[in-house]
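Dear colleague,

Please find below the structure that I am handing over to you. My findings follow it.

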Amino acid sequence: MSSNTPKQPQRDLRFFLTVPHACSYLEGRQATTLFLDPQEAPNSGVYDALALLGFRRSGSHLYRPHCGDCRACISVRVPIANFTPNRTQKRLMRRNADLVIEEGPALFDPEHYRLYAHYIRSRHADGDMFPPSHEQYRTFLTSRDDYARLVSFRLDGRLVAVAAMDRMSHGLSAIYTFYDPDESLNQRSLGTYAVLWQIEQARREGLTHLYLGYWIRDCRKMNYKQHFQPLEYLDGSHWRRRIPANHTDSHLPLSLVKQGASVTSGK
């Protein structure tokens, strides 16, 4: 490399650990979460770098699990160039071809919130997101950062689904999808279709991956992610096509959590 090649600036970032709390996915387990310092505005360069290490976004926070000896949460992503929809997925794509799709900034929209509240009450009344509230919705799914987007899916003008999606230099990140739980829409499998649409959108934009967050082998709610093949799994600092039998994941050393970790990123 030429000595005249400009170097990306190094940034010192601080991370904080939450106190142990009940795991949202595995009953009887305690979880600890590693957060980027809330005072640090996660610009796109920082986000790009941390996503490769398994970090996700929730509202204005970037986080990842840091649960002692537990390594159940595995970051997964779809390699766009290698993904081919199966017969069922192709059928879903044809079935939903009549939907009108609009993408916009991740700002609060009363129509979006009404659908979200209906979805949570109908599908997740037993979860930690119940009961829904304006504050919960805003802190979870809204952001003023340009990379944060909300994608609306409409059927004859009726809002039937919304996908929260982030844009990164190396892919898209599927943050969350909520949809109308009306039984008349069941055959559309709107949650699955939203993921398929994001895969195809990444392909149209020449991006390499769609990040699907965390997969947990023993969590039924995570099973749907296995339907998008091939999947790549984060093992340490390497993305692999198969989960190694001795999967170890990776934790930032606690010394870095206390003192700040350096990552290479653009301004």
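Which residues line the largest cavity? In this predicted model, the lining consists of Tyr-47, Ala-51, Gly-54, Phe-55, Arg-56, Ser-75, Val-76, Met-168, Ser-173, Tyr-211, Gly-213 and Trp-239. Two or more of the lining residues come from each of α1 (44-51), β8 (74-79) and β13 (209-215). The volume of the largest cavity is about 70 Å³, and the model holds three cavities of 30 Å³ or more.

I then turned to the cysteines. The count of disulfides is zero, where a disulfide requires two cysteine sulfur atoms within 2.5 Å. For Cys-23, the nearest cysteine sulfur belongs to Cys-73 and is 6.1 Å away. For Cys-219, the nearest is the sulfur of Cys-23, at 7.9 Å. Cys-219 has a relative accessible area of 4% and is therefore buried, the limit being under 20%.

Lastly, I examined helix α3, which comprises the 14 residues 110-123. Within α3, the residues His-112, Tyr-113, Leu-115, Tyr-116, Ala-117, Tyr-119 and Ile-120 are buried. An α-helix has 3.6 residues a turn, so residues three or four places apart point the same way. Among the elements covering the buried residues of α3 are α4 (134-141), β10 (148-155), β11 (158-168) and β12 (171-179).

Yours sincerely

Technical notes
Residues are numbered from 1 along each chain as its sequence is written. This is a predicted model: local features need pLDDT of at least 70, side-chain atom pairs count only at pLDDT 80 or more; totals for chains, interfaces and linings use all residues. Side-chain values use heavy atoms; hydrogens and water are left out. On a 1 Å grid over the protein atoms alone, a cavity is a set of points where a 1.4 Å probe fits but cannot get out, and a pocket is an open set with protein on both sides within 12 Å along at least five of seven lines; lining residues have an atom within 4 Å of a point. Grid points are joined across faces, edges and corners, and a volume is the space filled by probe spheres set on the points. Helices (H or I, at least four residues) and strands (E, at least two) are DSSP runs, numbered from the N terminus. Buried means under 20% relative accessible area, exposed over 50%, partly exposed in between (1.4 Å probe, protein chains only). The expected span of a helix is 1.5 Å times one less than its number of residues. Contact means heavy atoms within 4.5 Å.
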